[in-house]
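Please read this report alongside the sequence and the coordinates. It moves from the whole chain to single residues.

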Amino acid sequence: MTSMKPMFVLSFVVLGLLSGCATNPGGGSSWFEQPAVGAEAYYRESLRVLDDVRRDLPAIQRSAEKAAAIYCSTWEDYGIASEGSAVFYGELVGRSGGVMAIGAWWPRERGFRGVLLYCLRGPELFAADLEDIAFFRGLGCKVFLFGPADLLERAALCGVEVEGALAIPTNDVAGVSMYDFASVAIGWTWTCEFVAACTRLGQMPVMFQSIMVPTGMDRIHRNQLDPATSLRMYNKFEPQTVPPIAAGKLGAEWLDIAGQRLATMYKSQTKPIQQAAQAAVDARANGGALYLTGYTHVLGHIPTSKYNPPHFAPLPRMPKPDTTPAEGTPMLGPKDFVLGMGYNDLEWDLAKVDYVRQSGAKVAWSSTTFKPDRVKPRAGELFIAQPWEYGDADVTVPGYDVKIAPTSGLISVEIYGMINAEINAITQKQASDH
């Protein structure tokens, strides 16, 4: 096991802002030399982060290879899990296109042993993170650490023992941190390289298929394990492997597709994103509150992230039928603004959608549009399309029956980040005008 001594900090992968090689999808590199604010500034920085992740693919490969070597050479009950930042593990766990065996909320309760991907939650929770890491190490876990470079350095000085560490940028763009976006990007790039490394060791991890696909639930049931006899929930490996995949291939493919999806969204959805931000600012100016609701793996954790501006709060609970709300319970009203981040339709929770609509609140919905009969915003409602496709997995593994590694989570974080950045820009301009 590697001890994180101070000199080891020099080998951390610092994914910073040094890249200037990302280019405008519709123009030249001089696009980045022009000043940008709000949503556009956040989008440009997102492309730079993807460039930085690509530049650091060799270090991500080494981390994933080391994890794969441990995972493939240990006993059957030695699993893999993710903990720490809820945005990070919420995106990787139980996820279409993800490793089926990755657990998150249950390992602490079941004596879990395995490869542990731990993403630090921020300075306020650093001491608690170190306690968690020590707890899992005590169970026999091999820890792979992700987090801000300064906190990784502090962990090193504290003598935390890990198998490796990858840094995630926390720089602000228009008052919005890139940490959550970058953690999702690094998480999926790492996952792609982990799968490829396993194939080079003669194993193919079992991967989820979206439950929105008819065969998705059958795949889950086929691979479920009995919790009374196993420390894990699902099978580790497929009975047949696939041809070995070269290092860097899958990670680069995911980054390519992610960049293309973001470019598509930027070209077609920047206007409704800006309109949503303006509606949010107007609602707050009129005494309303801003709320976030939705049905995605990652968005439910965003309002509690230490790395995002506190503009949005989780949607207040709907009152139960025939009951009076308790005193002090916030009720959604016509002055409020709601950002409803759906998945592949607007009907993920019809009762909640009706609650929002009946309140009279201004609303901006967001989802994919490949089910047009289930995406029907009403007059006066804003809509932001998410450009991902049926199956919610994008990377082809030659010889495997399903694609892996989705981009929907990254897109939803991007939309949320662009809206928050635009809110900040509008607010700042209003303040300067006065």
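## Basis

This is a predicted model, in which local features need pLDDT of at least 70, side-chain atom pairs count only at pLDDT 80 or more, and totals for chains, interfaces and linings use all residues. Residues are numbered from 1 along each chain as its sequence is written, and side-chain values use heavy atoms, with hydrogens and water left out.

## Overall fold

The chain contains ten helices and 14 strands. These are DSSP runs numbered from the N terminus: helices are H or I with at least four residues, strands are E with at least two.

The chain has 434 residues, and 58% of them count as buried. Buried means under 20% relative accessible area, exposed means over 50%, and partly exposed lies in between (1.4 Å probe, protein chains only). Take the contacts (heavy atoms within 4.5 Å) between residues at least 6 apart in sequence: 75% join residues at least 24 apart.

## Helices H1 and H10

Helix H1 spans residues 38-55 and helix H10 spans residues 408-433. They pack at an angle of about 140 degrees, with axes 7 Å apart. That makes H1 oblique to H10. Axes are lines fitted to C-alpha atoms, for helices over the stretch in contact, and angles run from 0 to 180 degrees between N-to-C directions. Under 35 degrees counts as roughly parallel, over 145 as roughly antiparallel, 65 to 115 as roughly perpendicular, and the rest as oblique.

On the H1 side, the contact residues are Gly 38, Ala 39, Tyr 42, Tyr 43, Ser 46 and Leu 50. H10 contributes residues including Leu 410, Glu 414, Gly 417 and Ala 425. The contact divides into nine nonpolar, three polar and two charged residues. Here Ala, Val, Leu, Ile, Met, Phe, Trp, Tyr, Cys and Pro count as nonpolar, Asp, Glu, Lys and Arg as charged, and the others, Gly among them, as polar.

## Cysteines

The structure holds zero disulfides. The cut-off for a disulfide is a pair of cysteine sulfur atoms within 2.5 Å. For Cys 72, the closest cysteine sulfur is in Cys 198, at 3.7 Å, too far for a bond. Cys 72 is buried, at 19% relative accessible area. Cys 141 is also buried, at 1%.

## Tyr 307

Tyr 307 sits in the loop between strand E10 (290-294) and strand E11 (313-314). Its relative accessibility is 13%, so Tyr 307 counts as buried.

Tyr 307 and Asp 180 are 127 residues apart in sequence, yet 7.1 Å apart in space, C-alpha to C-alpha. Beyond neighbours within four places in sequence, Tyr 307 is in contact with residues including Arg 121, Pro 148, Leu 151, Tyr 179 and Asp 180.
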